[in-house]
Amino acid sequence: MAATRSRRKQGSLPGLRRGKLDRHDPGERAPAASLGGTHRAASRARRAIKHARFGGRLAILGFGSIGQGVLPLILRHIDIDPKRITIVNAEERGQELARALGVRFVRSPLAKSNYRDALGPELGPGDFLLNLSVGVSSIALIELCRECGALYLDTCIETWAEDDLATPASPATYSSYAFREAALALR
């Protein structure tokens, strides 16, 4: 107990060694988000132990903070050739990280009118769509993956952004329960 108190008084935390935390100006981007950080992430991803092998293609839809955090983990722990991964994102954010990791990056904002054309060529039997986006209909993506024979994983259930702006509907139609029921109806 006394040792813990003395460490805290000295400004360190139990379990952390001095010099291991990067210090940066709060007004600047964190070092991990800089290009130097992406090279370190790429290096770590190539030399880690692989826990599983995936022979299909992986399409990642959306590449915000979650996507940029999960891609190095996928490459670190799953045996997949980075050339078999495609990121489809509405904006250019994350393009440098994708390039540093050897992953194809496609800038394509998706809507009802173009999602099949944009994602269809990326999906086939045994491929995988990881949806990390917002404003893209989960139900539409599930249907597309079923038609293609691809696997699908989503972080939540979404509707089309353009539908959210359309005529106001009852709050019950936007509940998680209503989305769940619509997804279950696909069975």
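**Exercise 1. By class, how many nonpolar, polar and charged residues does the lining of the second largest pocket have?**

Solution. The model is predicted, with local features needing pLDDT of at least 70 and side-chain atom pairs counting only at pLDDT 80 or more, while totals for chains, interfaces and linings use all residues. Residues are numbered from 1 along each chain as its sequence is written, and side-chain values use heavy atoms, without hydrogens and water.

Step 1. A pocket here is an open set of points on a 1 Å grid over the protein atoms alone, with protein on both sides within 12 Å along at least five of seven lines, and its lining residues have an atom within 4 Å of a point. The second largest pocket is lined by 16 residues, of which Gly62, Asn89, Ala90, Ser133 and Val134 lie nearest its centre.

Step 2. Sorted by class, with Ala, Val, Leu, Ile, Met, Phe, Trp, Tyr, Cys and Pro as nonpolar, Asp, Glu, Lys and Arg as charged, and the others, Gly among them, as polar, this lining has eight nonpolar, six polar and two charged residues.

**Exercise 2. Determine which residues of helix 6 are buried, and what they pack against.**

Solution. Step 1. Helices are DSSP runs of H or I with at least four residues, strands are runs of E with at least two, and both are numbered from the N terminus. Buried means under 20% relative accessible area, exposed over 50%, and partly exposed in between, with a 1.4 Å probe and protein chains only. In helix 6 (residues 138–148), the buried residues are Ser138, Ile139, Ala140, Leu141, Leu144, Cys145 and Cys148.

Step 2. With contact taken as heavy atoms within 4.5 Å, these buried residues pack against strand 2 (58–61), helix 5 (115–119), strand 6 (128–131), strand 7 (151–154) and helix 8 (176–184).

Step 3. At the start of helix 6, a side-chain oxygen of serine 137 comes to within 3.4 Å of the backbone nitrogen of isoleucine 139, and just after the helix glycine 149 takes a positive phi of about 80°.

**Exercise 3. Is aspartate 127 buried or exposed, and which side chain does a polar contact of 2.7 Å join to that of aspartate 127?**

Solution. Step 1. Aspartate 127 lies in the loop between helix 5 and strand 6, and counts as buried because its relative accessibility is 5%.

Step 2. The partner in the 2.7 Å polar contact is the side chain of arginine 57; such a contact is a pair of N or O atoms within 3.5 Å, one able to donate a hydrogen and the other to accept it.

How values were computed. On a 1 Å grid over the protein atoms alone, a cavity is a set of points where a 1.4 Å probe fits but cannot get out, and a pocket is an open set with protein on both sides within 12 Å along at least five of seven lines; lining residues have an atom within 4 Å of a point.
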